[in-house]
Amino acid sequence: MTLAERETQVVERVPKQLFVGGTWREARSGAVFKVEDPSTGSVLCEVADAGTEDGFAALDAAVAAQPSWAKHAPRERGEILRRAYELLMQRQEDLALLMTLEMGKPFAEAKGEIAYAADFLRWFSEEAVRIEGGYSISPNGQARFLVMRQPVGPSMLITPWNFPMAMGTRKIGPAIAAGCTMILKPAQQTPLSALALADILREAGLPEGVLSVLPTSDAGGVTEPLLRDGRIRKVSFTGSTGVGRKLLEQSAEQVLRTSMELGGNAPFLVFDDADIDAAVEGAMQAKMRNIGEACTAANRLYVQSGVATEFARRLSERMGALKLGRGTEDGVQVGPLIDAKAREKVQSLVDDAVGRGARVLVGGSAGDGDGYFYRPTVLADVPQSSELSTTEIFGPVAPIISFDTEDQALAAANDTEYGLVSYLYTRDLNRALRVSEALETGMVGLNQGIVSNPAAPFGGVKHSGLGREGGTVGIEEFLETKYIGVGGV
């Protein structure tokens, strides 16, 4: 089988309809929208385009299924997740190819995301049986306190295009483990991974109505009426801070539980005493994971003046050697950006920095040919006043800004409304602890360029979000606490 034939096969295998109440069906309006391959600009397929009526059909199914699903034995919920984990890993190659086609990331990296996504299912399959309560005696000894944990109820899950499988499992995993029914609204650019995941969960034994998946070209038209309906009790969103604010406003009307993983502007600090080889390797991971299209991407590289020139030289060599191309091709390390608008934004940010005095060490322009490619780029002498310092880049651009003192680095790193993640390279233990504590972010990568792990709490502070996903606290977002006072004991 040729690669082209295999690409056609993996796309054809994915259901293109809405998944509502355990059934695949067309949108009520009959509408569809196109899914594009960002490496060529060509159309991969068409999928059903959900509207408001479809949203309410999914909500009706979720509400109807909630009582029985909440009573499912925790072990049974965990076993469903475990089976789904195994199916994802069995089909890792095909699912990775599907993701590469609709999102653009290199095939090897897509395989890594499938494993990462599957691990959320495995992690929460184990957490399902660890939902605990409590028993205690009142201070005056006259009563007993019982504390139990119960599912929040029907939940709206909204995922982005940059990690189309992992962001789905990071939300679906704890919701299933906690006993919540769900409606998943995937990003318009990458619905195929979500639809494939829904079919795997169905195959793994997830009961009808527990999960619905609504691809749509009209996100607001589908989600806002559901949030204002009153029967949705929880919203989990990953995406931009701007959209997050709108969802918080809409959620306020019905006082919904919310968790928001929003934008980032991650600082990457390298001190004079750092292991420069390790720092460059960490910068490559933190900057170039997912083509730089990640909220955790290193957005501002602050390097102490004593090592700034050498760091920039080594990073430029590594970035300049990366192979740009279609993610299905052998050896490709950098795929296309998601669309033309994304590439235009990246070019605009680079042009602004250069116009303010930054120097292009490597890259600095769009790639050749079809698709939305942008060359890996390193900029030196980037002024703090540039838009690159305040805007989430979401592309393969590494701006280097030098600093002299620790206080200067901390002041610059914290000078942002965002607070998702920061990175720090130093061999001084006291500095490592001191700076880690002072950084205003929800996560810190200390001498490492990747912080994401299903077993760790993922989330930010300030305008980067509310709540945490993953770790032992991830399931808490889908549980309510109920207290029962027992008197006359």
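Colleague: Hi! Quick one to start: is C45 buried or exposed?

Modeller: Buried, because C45 has a relative accessible area of 12%. Buried here means under 20% relative accessible area, exposed means over 50%, and partly exposed lies in between, using a 1.4 Å probe and protein chains only. This is a predicted model, where local features need pLDDT of at least 70 and side-chain atom pairs count only at pLDDT 80 or more, while totals for chains, interfaces and linings use all residues. Residues are numbered from 1 along each chain as its sequence is written, and side-chain values use heavy atoms, with hydrogens and water left out.

Colleague: And C295, buried or exposed?

Modeller: C295 counts as buried too, because its relative accessibility is 12%.

Colleague: New topic! Which residue does the UniProt "active site" annotation cover?

Modeller: According to the unreviewed UniProt entry, E261. UniProt positions follow the numbering used here, feature names are shortened, and annotations may be inferred rather than shown by experiment. E261 sits in strand β11, residues 257–261. Strands (E, at least two residues) and helices (H or I, at least four) are DSSP runs, numbered from the N terminus.

Colleague: Why does E261 count as buried?

Modeller: Because its relative accessibility is 4%. Setting aside residues up to four places away in sequence, E261 touches several others, including R170, F237, C295 and E469. Contact means heavy atoms within 4.5 Å.

Colleague: Which side chain makes a polar contact with the E261 side chain?

Modeller: One such partner is R170, at 3.0 Å. A polar contact is a pair of N or O atoms within 3.5 Å; within protein, one must be able to donate a hydrogen and the other to accept it, and residues adjacent in sequence count only if both atoms are side-chain atoms.

Colleague: Last one: what covers the buried residues of α5?

Modeller: The cover includes α3 (74–90), α4 (92–103) and α6 (166–178). Among the buried residues of α5 are Y116, F120 and F124.
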